[in-house]
Structure formats: structure tokens, C-alpha cells
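Please look through the report below with the sequence and the model at hand.

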Amino acid sequence: MQETLNYINENKQRFVDELFELLRIPSISADPAYKDDVLKCADVVAAHLKNAGADNVEVCQTKGYPIVFGEKILDKSLPTVLVYGHYDVQPADPLELWTKPPFEPYIEKTELHPEGAIFARGSADDKGQFFMHLKAFEAMMKTNALPCNVKFILEGEEEVGSVSLGDWVSENKEKLTCDCILISDTHIYSNEQPTVTTGLRGLSYVEVEVEGPNRDLHSGLYGGAVPNPIHVLSRMIANLIDENGHITIDGFYDNVETVSDADRADMNKLKDNPEEFKKSIGLSNIEGEKGYTTLERTSIRPTLDCNGIWGGYTGEGAKTVIPSKAFAKISMRLVPYQTPQEITEKFTKYFEKIAPDTVKIKVTPHHGGMPYVLPTDTKEFAAAKQAMESAFGKEVLPYRGGGSIPITAMFEQVLGAKSVLMGFGLDSDAIHSPNEHYGLFNFYKGIESIPLFFENYSK
């Protein structure tokens, strides 16, 4: 393994240069205008995978964007690790808030990244992270140190809900047979306190519509006599959470996992620092569900958030109208034993219940996903923990993340394998936001840790 680590150290600059080439491709899956770029990115990823030493590399067609597959089977009697990642990225808007163009990567030192960070859309989510696996695999192949079989699936639709992945995995179940799945699309608690993500929340995402009058009305002629859908919708959304941060939807907490006091104590070993948390996002104070720490609120408790609200006139200047309709998008993060189907149904019934009879209500479900937990007493967790402790030279703790990766539950259901969430980003990396970045320290630590995971897991 030392030869592998030496190879990595000797090729660090080339690895970054190659990542830059990948980051220059605007593979935005949500915008059809970038279709050619997404397809080009799939071909470039396939070429990197082949050059690293993978066999049977394919750009597999789906109903949407292609999935890149490759493998290296040394011996069918050895364990097989399936590596998952995604090459599509979020839209870069608003462009004016980027310091430099989002698809022209550059390195800059920051307070958190004194060694420098790579600034570009996709640097942390997920090109920089899945590229670590390609370079770690290359290093193991070049030094004859690959200890087990490996397969890769790299998709192009994660940022739009992985709409084609489920069907493709089910159709290729035999091809994807594996013993565990390795994913780097999460973050660690900090560079000083590395962690392995052991849980992710699920998701229920809906769009709501409130309709009042049959057309936009003149606010002078009708104001004060008719319901304003924006006012009604605002009151309804405000009533979804009470003064204690508790979600008021009937039955919302019926199936919520009860986390033991011992597990909560272990979780809070991560030394939640409210002052640093507030400072990092520019707030003078924070709020949340009463009786829980910030770490618990963002991981083991379900949430409800309004992600966007609109209606009426929002253009330049003034237009005095009472809008006919108002809209909002609402996301609910779920914890173990809640399901998106259950929560979407309960939300819909409750939203209709609290609506006044002066308006009509429509709830449209969008994508959702199941929560996921990797127990800490598994060989998968042990292999990741030991690998990262060797690379970082520090104790590694378990950490439940607040985000959602719906495919983890699907992988376990279809392939019967646990997913190891061994990400290396930081929550300050500004993923999905302007000036997304990924620390060089984190990029290199990931490449060093992955071969150690393979070695530990194989043993």
C-alpha cells in the first residue's frame, strides 16, 4: 500500500489538472440547453475510467442521460465493491454572484483551506469526489495493489432525482452484483474532526397552489373585499410550524425513529458550537425544534421548509393587482420509519384541512426518497473508519447527515448491499450555491483513504 500512496503523492498535480478538464464541462442535467455538454461529460468520464485500468467500460443509454459503467474483476471469489457517483451538476445561477465564471476552475486559499480550494461548479458535488475514486483506482492498478473486485456506475441525473437510475439498476441487477457500495457524495464534520456519514434523511417534495378569484384583479377596485391568494398561502405556510419548532401536520411524527439517549450522547461528541454555526451563515441567532441541539435538528429530526414562494406581479416597477393564484414549493426531510408516500399524503390532507373555503387548493407531489442508516457495528463502517483514521491520523466518529441521497435505500433494496457514505467535503463548500469549492486537502485525503478502505474491507 505504501507504493500506492507514493504514486498518489507523485501525481497530485496531474490529478488536479485532469479534474479541471472535467469541471470545465457544464454538465447541467436540469437544463435541456446543456444536453450536449452532459453527453460529452459522460464520454470524458468513460475515457478516464478506461485509462485508469477498468475493463468493459460502457456509456449505457437510459430514458434520460447515460450511465457510465466499468469494472475490474480480479477473481470472482474476492469481494466486490461497487462505486457510485454522478457527473451532472446543478445550474450555476445566479451567475452574478460568482467571483469568477463557474466553469472556469481555479485554486484560491481561504481561511478554512490554507492549502487552497478548487472553485468551480461541481468541484465538491460531485465531480471532485467521484474523481477521487478514479484516481485511487488508477493508483492501485499502477502499483498492483487492487485487493478485490471493483465496479463503477456514474450517472448523469442525480441532480434531477436520478429518474432513470432505478429502472437501470433493476434491469442490470446481475451485472451489478456486489458486496457493498461506496459513495463519496457527503461531507465530513470538519478537517480537524473527520467523520463517516452513517445516516441520511429522506425527502418528500411538493408544490402547492392556492387559487382565489378567476383572474388577477385591480387592487383598488377589489382590495379589502376578496381573498388574496398570497396572503392566504403565507398564513397557511406559517401555520405548518408552531412556536416550538414543531410541525403541526396531523400524524407527522407517528413513525419517527426514537434515537436512544446513548446514541444522542455519542452524536453530540462532535462538539456542536452554536456560535461558529451562526457565524458561518451570517446569523445573530438560530431557531429550531425545542429540546434538540443543532446537530440533532439537522440529522435525526424531520423538518419542513418552504423552498420558494411566488405569485402576482414580480417585474420591474408597480402593478396593482390581487393575483388569481399563489404558489410555493415545500420540502420535508424525513427520518427512519417515515416514508415519502406517507408524509406526502398527510401533508396534502392537512393542507386542504387548514385552507379557508374562499380559495381552492392543489398539491402536486414531486420527487421523494427514503431515509438511510448504516449501522456502526458493520464491517463496512469499520473499514471506512479505519481507512480514514490512517489517512487523517485522528479518531473518526460516526455522523448522521441532514441531506438526502434517495438511491442509497434503492441500492440496498435491489442489490442487497449496504452503502458506505465516505465523503470528504465540508458543509461550507457552497454546493448548489455560487462559488462552490472543494479543498485540495480534502481531495487528496479522499484519494489516500479510498485504497485503504479497499484493503481493510478485503480483509
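## Helix H4

Helix H4 covers residues 127-142, and its 16 residues should span 22 Å at 1.5 Å a residue; the end C-alpha atoms are 22 Å apart, which agrees. The expected span is 1.5 Å times one less than the number of residues. Helices (H or I, at least four residues) and strands (E, at least two) are DSSP runs, numbered from the N terminus.

This is a predicted model, where local features need pLDDT of at least 70 and side-chain atom pairs count only at pLDDT 80 or more, while totals for chains, interfaces and linings use all residues. Residues are numbered from 1 along each chain as its sequence is written, and side-chain values use heavy atoms, without hydrogens and water.

Of the 16 residues in H4, 14 are buried. Buried means under 20% relative accessible area, exposed over 50%, and partly exposed in between (1.4 Å probe, protein chains only). Asn-144, which follows H4, has a positive phi near 55 degrees.

## A sheet of 3 strands

The strands of an open sheet come in the order S4-S5-S18, with antiparallel pairing. Strands S4 (106-108) and S18 (437-439) are at the edges, each pairing on one side only. Two strands pair if DSSP finds at least two bridges between them; S5 (residues 117-119) and S18 have 3. Phe-119 is opposite His-437 in S18.

## Cysteines

The whole structure has 0 disulfides, a disulfide being a pair of cysteine sulfur atoms within 2.5 Å. The sulfur of Cys-60 is 16 Å from its closest cysteine sulfur, in Cys-178, so it is too far for a bond. Cys-178 has its closest cysteine sulfur in Cys-180, at 7.0 Å, also too far.
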